[in-house]
Every structure is written in structure tokens, then in C-alpha cells.
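Subject: Structure for you to look at

Hello,

Here is the structure I said I would pass on. Please open it alongside this message.

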Amino acid sequence: MKTFMLVMAIGNIAFAMMIAGYARGGEENPAMRVWMWAKLVQGLANGLGWLRPDLNSWIVDAAANTALIGGFALETGAYSTFLGAQRWKRVVVPLALICVLLMHSARFGGVGAGGLIAMMSTFMAVFSARMAWLLLAPRADKTLLQRLVGLNNLLFTLVMAMRAYTGAVHSSIGVFTPGVLSTVTFLVGYTLLIVNGFGFLLMCKQQDDRKMRALATTDSLTGLVNRRAFFERTENARMLSARLRKPVALMMLDIDHFKRLNDRFGHATGDEALCLFARTALATLREHDIMGRLGGEEFALVMPGTTLSGALHAAERLRNEVSEAPLLTDGNNYKLTVSIGVVMIDPNEHINAALARADAALYAAKSAGRNRVECGDAISASADVA
């Protein structure tokens, strides 16, 4: 049992060093910083626990208990920060202080070893249950990795609850008292160390990977997909629609008089106009529609499973919504308008050819006075196809 305690101390401190090395030189990650301190404090608590039989001092016991409660509180805070619960300190810090106060009061009040074991196990079960809930609570963005780590915390919660019950029933039990439950406790604790340690690092890596994918596929100003991602997603949608024999509509959209808007009110207002247009468009589209910013004030929209009449109706609705969205410019409302060209993508047509036809329809809309929707010509037999 004493060797297990030493292994836990070395393992937690090693994980703290690994996390510090992983985070060094990268973007500041608040959750990782809290996690690093949690592992360091837990390692200190395990180290003091390992020294306890040799030193046999109430000061060592008190320090180990305080550090262990603080380490679990910090670990709970790390998960809370990672999952977006930024106000965790309002609950976790007072709870940790209450646990420390109760633990020391019981110790100096003459509570036996079994009672102290029961109290500490209960506190650890409470914090571990909170971590399990954070990781297992139903949310659309939960990953399998998060659920696996959450199940491990749930297992530790159950073992701590059993240990708390045993300590309450058998007052003579101690931390290093041999037995099946003690062995299981340390084994599950060691598993918790490994799974939570590597699991947290991998969860942070998953989060970083998602951010990198978002940066690679998203237009930073409008939040729409960028040109590269638009072509990739459009090609996938076109191939799927071809297999399902479903139509695919394509639109080219251009904000009217955008250069005049920039010159008159400045680039900041121009950026706000682009963002306003993107927000308005996303609010009127379906979830599986693909809208991207191709560059400047030029946008493209693909609507899988939509007929020509449906696409024209959607384009008119979008045009009306944009014209009714107020753009504040120096205290005045500027009427933003958009011209739209609509075509249907032929199953065998290259996307560039379809975009060229949609662009011709867009040019026709602008030539006819702007703030209007024009339907492009159907693909001809001599058109360039894939």
C-alpha cells in the first residue's frame, strides 16, 4: 500500500511536468494550467501520505488531507474550465474549504481513524462525482474520449463510496490497513491517474485539432466556410445528390455597391456589412445548405435537394431579409441589398462550369438594376462537363 502511494505521488508530479511541457510555447490554456496545479498538489498529497508511517505526525496528516482535497477541487475546476463552466470557483472553492474545515474539526475532535477515512472518502467521492457528471452529462459536442474518462471517474466515485461506508462501519480501519477494498481502492486510483492524465492531454489535443480545422475551413470575418472548404463540401454534396438522384441548386451572391459603401463609411463599416449579410443568410438557410465566402463581397450558396423553383423562392426570401436588415452607419440606417444568380448543377457538370453560369446570372441581375434575382441558363450539350 505504501508503494502504491509513492507511485501515485511520482505519477501525479510527472503528469504535472508533462502538462507544463506540453503547454509551454503554445497558446495559453486556462484549463490546462488548472490541471497542472491539480496534479502537482495531488502528487504532494500522495508524497506526504507515503511519508506518514515514518513521520507519524498529525501535521503531516493534516497537510496531506488538505492537499488531497485541494487537488481534487482543482481537478474539478480544470474539467469545469475545459467544458466551459467558467464560474466553478463560486461553488468548488467554498466546498473545498468546508471539507478541509470539517476534516480538521473531526481530527481534533477525537474522531477515530475509520471515521476520518469515511469523511475523506466521501469528500473524494463528491468531487469525483462532479467530474463524472461534467464528462457524462448529455451534450451534442461530447466525444467518446470524454465519456470514457467520465466512466472512469464514475467508477472511482463508487469505490470511494464503498470505502466511506466501510470506514463508517469499521472504526479501526486505516489508510494502510490491508484488505481487498484497500487494494481495489489503490488500483482504481492508479487507473484514475493514468486515464485522467492521458485522457485530459488527449482531450486538449482534440480541442486544439478542432480549432485548427476551424481556422483552415472558416472565414475569420463572417464565420462562413472559406473558398477551399466550400469547394470540398460542395463536391461531396454534389456526389451524394447524384447517387440519390436529387437536384442541387447553386447561387452566386454579391453585395450591391460594396466598394461605394467602403469608400463612404470606411472598411470597418464594410466588414460589419459582410458580417450582417452572413448572419442574415445563415438565419434563413437550412442546416445542410452550404454557404461560403469566395472573396471580398462575393458569396456562393449550394442547396442540396432543392429544385429550381425552390431555389428561386429561397433566393427571393434571402434578398428580402437582407434589404430589411438595418446596417448602422454614423447613426443612419443604410439599406443593404444583394444581387443573386441562380442555376441548377447538372450531375455531370464540373463545379467551376456551374459557378461560371451562376456568375453570368449574377452579372445579369446587376445589369438589370441590382437587388434582384436572376435565373441562369441551363447547361448546354456542348458545355464543359467532368
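Below is what was found, starting with how to read it.

This is a predicted model, in which local features need pLDDT of at least 70, side-chain atom pairs count only at pLDDT 80 or more, and totals for chains, interfaces and linings use all residues. Residues are numbered from 1 along each chain as its sequence is written, and side-chain values use heavy atoms, leaving out hydrogens and water.

The sheet: five strands make an open sheet with mixed pairing, in the order β2-β3-β1-β6-β7. Strands here are DSSP E runs of at least two residues and helices are H or I runs of at least four, numbered from the N terminus; two strands pair if DSSP finds at least two bridges between them. β2 (290-295) and β7 (373-375) are at the edges with a single partner strand each, so one side of each has no neighbour in the sheet. From one strand to the next, the twist averages 20°. β1 (residues 248-255) and β3 (residues 298-304) pair in the antiparallel sense over seven bridges, and M251 stands opposite L301 in β3.

Helices on the sheet: α8 (residues 227-244) touches β1, β2 and β3, contact meaning heavy atoms within 4.5 Å. The direction of α8 makes about 145° with that of β2. Angles run from 0 to 180 degrees between N-to-C directions, and axes are lines fitted to C-alpha atoms, for helices over the stretch in contact. α11 (residues 308-324) lies across β1, β3, β6 (338-344) and β7, at about 170° to β6.

Regards
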